[in-house]
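Dear colleague,

I am handing over the structure we spoke about, with the sequence alongside. My notes on what was found follow directly below.

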Amino acid sequence: MQVSILDDYADTLRTLDCFALLADHNVTIWNDHTDDVDELVERLRGTEALVLIRERTPIRAALLERLPELRLISQRSVYPHIDVEACTRLGIVVSSDLHPGAPSVATAELTWGLVIAAMRRIPQQVASMRAGRWQDGIGHTLAGKTLGIYGYGRIGRTIAGYGSAFAMPVLVWSGEESRRRARADGFEVAASREELFERSDIVTVHLRLVDATRGIVTADDLRRMKPSALFVNTSRAGLVEPGALVAALDSGRPGMAAVDVFDEEPLHDIDDPLLTLDNVVCTPHIGYVTREEWELQFTDIFEQIRSFAVGSPMNVVNPEVVARPAPPD
């Protein structure tokens, strides 16, 4: 099959052990990003199987309708960036392993790295030394601080364990079933979302971005936070009301933020407010970007291509395409 891979920014995939799974296929890898439909049509001309790296490129009907050879989209995890209805109409199989029960250790670790970096002002201290100066300000100890976790799923639950290991009281707010699990795990559940933001010294958000959660963190939520508090987002930028985080930081509540996700990605604007504020630690959406995590993810993605090629599609999101009778010769 003719396989195309979009958005492999660091040209990493060909260096993974699992890349050998595509040895029997013709593979084209694109290392830059574009969301221009005309340019994508040219890049993907003749493509039969398209590999996506999470949500880096939206795949909508306007593009799909101009790719007549496309038969399979293979990726991992959720797929709000794919027009599944258009894929189904056009006979394109969407395969995506949702990996139930498996936490993203890489994202949890990055979250905790951002917490420590922001609270101890590590980026600022490094910059100070590189500029020929010595200590730059004073940080905060984590022990004894209240860790607020908004969303007690796979990642949130892992983060709660990290907080306990650092002698932090953990406070959880989430859906009803998730709150029940948090209580069963021995963690305190906030009486309300408002209480989570008011009491926590750190609030970290771990929710999926769907219609019901878009903008779920409001300006009022952020205004409830302490002037000394830290807000962390390694999930999706769209979970926060547009403009609310920068406005809240400008007003001093919360006092700090650490973010791995942005409204526009890739973000190349060095004048973006989040990149210019001294009280914000930013990373370029690397929560899931580790060699170990990619070996795991792309083994699944490439196995989906191999299975499809031999007539046994797996992890199919739109099974009605598979069940559809083949067109007559």
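In which loop does His285 lie? His285 lies in the loop between strand 12 (280–282) and helix 12, where helices (H or I, at least four residues) and strands (E, at least two) are DSSP runs numbered from the N terminus. Although His285 is not a glycine, it has a positive phi of about 50 degrees.

Please keep in mind that this is a predicted model, in which local features need pLDDT of at least 70 and side-chain atom pairs count only at pLDDT 80 or more, while totals for chains, interfaces and linings use all residues. Residues are numbered from 1 along each chain as its sequence is written, and side-chain values use heavy atoms, with hydrogens and water left out.

The largest pocket holds about 1000 Å³ of space. A pocket here is an open set of points on a 1 Å grid over the protein atoms alone, where a 1.4 Å probe fits and protein lies on both sides within 12 Å along at least five of seven lines; lining residues have an atom within 4 Å of a point. The volume is the space filled by probe spheres set on the points, which are joined across faces, edges and corners. The lining of the largest pocket comprises 18 nonpolar, eight polar and 13 charged residues, with Ala, Val, Leu, Ile, Met, Phe, Trp, Tyr, Cys and Pro counted as nonpolar, Asp, Glu, Lys and Arg as charged, and the others, Gly among them, as polar.

The second largest pocket has a volume of about 710 Å³, and of its 35 lining residues, Arg154, Ile155, His206, Leu207 and Arg208 are the closest to its centre. Its lining divides into 11 nonpolar, 16 polar and eight charged residues, and helix 6 gives the most to it, with three residues.

Helix 6 also packs against helix 4 (residues 105–119) at an angle of about 45 degrees, with the axes 9 Å apart; axes are lines fitted to C-alpha atoms, for helices over the stretch in contact, and angles run from 0 to 180 degrees between N-to-C directions. That angle makes helix 4 oblique to helix 6, since angles under 35 degrees count as roughly parallel, over 145 as roughly antiparallel, 65 to 115 as roughly perpendicular and the rest as oblique.

Finally, the peptide bond from Glu265 to Pro266 is cis, with omega near -5 degrees, and Pro266 is placed in the loop between strand 11 and helix 11 (273–276).

With best regards
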